[in-house]
Amino acid sequence: MVIETHDLIQISSPMELINNDQPKWVQEIFPKSLTVVVRRSPFVEGWIPVGIRGIKREQRFATYVSTSAIQKVITPYQLVREGSWVDLGAERKKLPAMSALPGISKILSGYNWGISGSVGFELATRTNTAKVTSDLDLIWKVEKPISKSSAQALLKKLNMFGVHADLQVIQGNNGFSLEEYANSRSTIMVKTLKEPILVHDPWIDSNRVER
Amino acid sequence: MEKLHFNFDTKDAISKPVHVGVVASGDLEVILRPTDKQTEVNIITGSDGFKEVWENVLKRFFDRYPIQANIEINDFGSTPGVVNLRLTQALEELEDEK
């Protein structure tokens with residue numbers, strides 16, 4: 001099984017987390033979903049770097065889980081393939097980031113895209129994680145580079161739904177913001193497994209870095 | 001959400017405004033503007049409780065690059081690594097425009 005950054009992993013018990021001084025909010029909120037998010041960080045023999053999400057933005061806790069603790073892996077791409085937003089409760093469907101999904105899925109039909117962030121977490125776990133103010137964090141695995149003008153046109157379409165849609169382009173383990181690429185005049189930031197780096201051309205340079 | 005404010009006594013005046021970064025989770029926007037007043041950094045961050053971390057990151061930055069500027073930062077839960085990279089990128093843009 002290939003596990004990638006942004007994948008959601010369900011484990012059987014909070015005991016499966018490396019117990020490194022978990023804050024109180026982790027102990028309160030984690031048992032409700034038992035789901036961690038794979039971080040963009042190097043894997044350590046048998047251990048997966050993961051993060052735990054709280055309600056607030058500052059509530060993020062980095063830890064590791066053993067590969068043997070995995071019960072189920074849900075990928076952001078699977079949430080799209082399964083149309084996971086269709087059977088959401090009526091109240092949750094009203095959230096701006098959720099209500100944008102049917103329209104966005106039409107625009108991105110044929111793309112290999114997924115839903116990450118608080119919206120993806122909610123769709124995967126059915127715990128109320130997205131907020132009225134939540135952005136829609138999307139990821140997209142590209143085959144071929146696209147031009148800045150196509151990137152601008154795509155972002156314009158994705159942002160027609162009253163919520164800020166952020167599309168991260170995924171190449172191997174690396175990711176960069178399509179918005180930054182679309183507007184860039186010089187360098188742009190690429191997040192790699194090891195660290196964020198600045199490059200002039202994310203399409204070429206990111207092929208050169210290790211995967 | 002938290003608003004933070006810092007001042008520094010740095011004297012290398014910048015000549016042009018610069019804007020780097022994006023509004024996206026785990027990222028931030030950095031805007032540098034020329035000023036003839038004391039260097040001022042105003043931060044709006046979605047992650048509360050990191051005042052000391054910001055202070056350390058900025059202090060280290062200004063120790064190395066004592067630019068005089070009015071700086072605005074809008075943070076969306078970025079890591080110190082990303083903050084440092086964005087500040088470096090802003091400096092590179094300043095160099096490019098010289």
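These notebook entries record what I looked up in a predicted model with chains A and B.

**Entry 1. Conventions.** I number residues from 1 along each chain as its sequence is written, and I letter chains from A and number ligands from 1 in the order in which they are written. In this predicted model, local features need pLDDT of at least 70 and side-chain atom pairs count only at pLDDT 80 or more, while totals for chains, interfaces and linings use all residues.

**Entry 2. Confidence in chain A.** I looked up pLDDT, the predictor's confidence in each residue, from 0 to 100. Chain A has a mean pLDDT of 92, with 96% of its residues at 70 or more. Over residues 205-211 of chain A the value stays under 50. For that stretch the model has 11 contacts beyond four places in sequence; two residues are in contact if their C-beta atoms, placed from the backbone, lie within 7 Å.

**Entry 3. Domains of chain A.** I found chain A divided into domain 1 (8-74) and domain 2 (76-208), with bounds from an automatic or database domain assignment. The C-alpha centres of the two domains lie 22 Å apart. Their contact takes 10 residues from domain 1 and 12 residues from domain 2. On the domain 1 side, α1 (24-33) and β2 of chain A each supply at least two residues. Helices (H or I, at least four residues) and strands (E, at least two) are DSSP runs, numbered from the N terminus. By class, I noted four nonpolar, three polar and three charged residues on that side of domain 1. Here Ala, Val, Leu, Ile, Met, Phe, Trp, Tyr, Cys and Pro count as nonpolar, Asp, Glu, Lys and Arg as charged, and the others, Gly among them, as polar.

**Entry 4. Record annotations.** In an unreviewed UniProt entry, residues 6-76 of chain A are annotated "domain: Phosphoribosyl-dephospho-CoA transferase MdcG N-terminal". I note that such annotations may be inferred rather than shown by experiment. This span is 15% helix and 38% strand, and its end C-alpha atoms lie 7 Å apart. The unreviewed annotation "domain: Phosphoribosyl-dephospho-CoA transferase MdcG C-terminal" covers residues 94-202 of chain A. There I read 35% helix and 26% strand, with the end C-alpha atoms 36 Å apart.

**Entry 5. A sheet in chain A.** I traced an open sheet of five strands in the order β4-β3-β2-β1-β5, with antiparallel pairing; strands pair if DSSP finds at least two bridges between them. Strands β4 (60-66) and β5 (70-74) of chain A stand at the edges with a single partner strand each, so one side of each is left without a neighbour in the sheet. Neighbouring strands are turned by 40° against each other on average, direction ignored. Strand β3 (residues 47-53) of chain A pairs with β4(A) over seven bridges, and Gly51(A) stands opposite Ala62(A) there. Helix α6 (residues 117-125) of chain A packs on the sheet, touching β1 (8-11), β2 (35-38), β3 and β5 of chain A. The direction of α6 makes about 140° with that of β2(A); axes are lines fitted to C-alpha atoms, for helices over the stretch in contact, and angles run from 0 to 180 degrees between N-to-C directions.

**Entry 6. Strands in chain B.** Strand β7 (residues 70-76) of chain B pairs with β4 (residues 27-33) of chain B in the antiparallel sense over seven bridges, where Glu29(B) stands opposite Asn74(B). With β5 (residues 39-45) of chain B, β7(B) pairs in the parallel sense over six bridges, and Glu40(B) has Asn70(B) as its bridge partner.

**Entry 7. Chain A against chain B.** I counted the contact as 17 residues from chain B and 16 residues from chain A. Helix α2 (residues 80-96) of chain B gives the most to the chain B side, with seven residues. That side divides into five nonpolar, seven polar and five charged residues.
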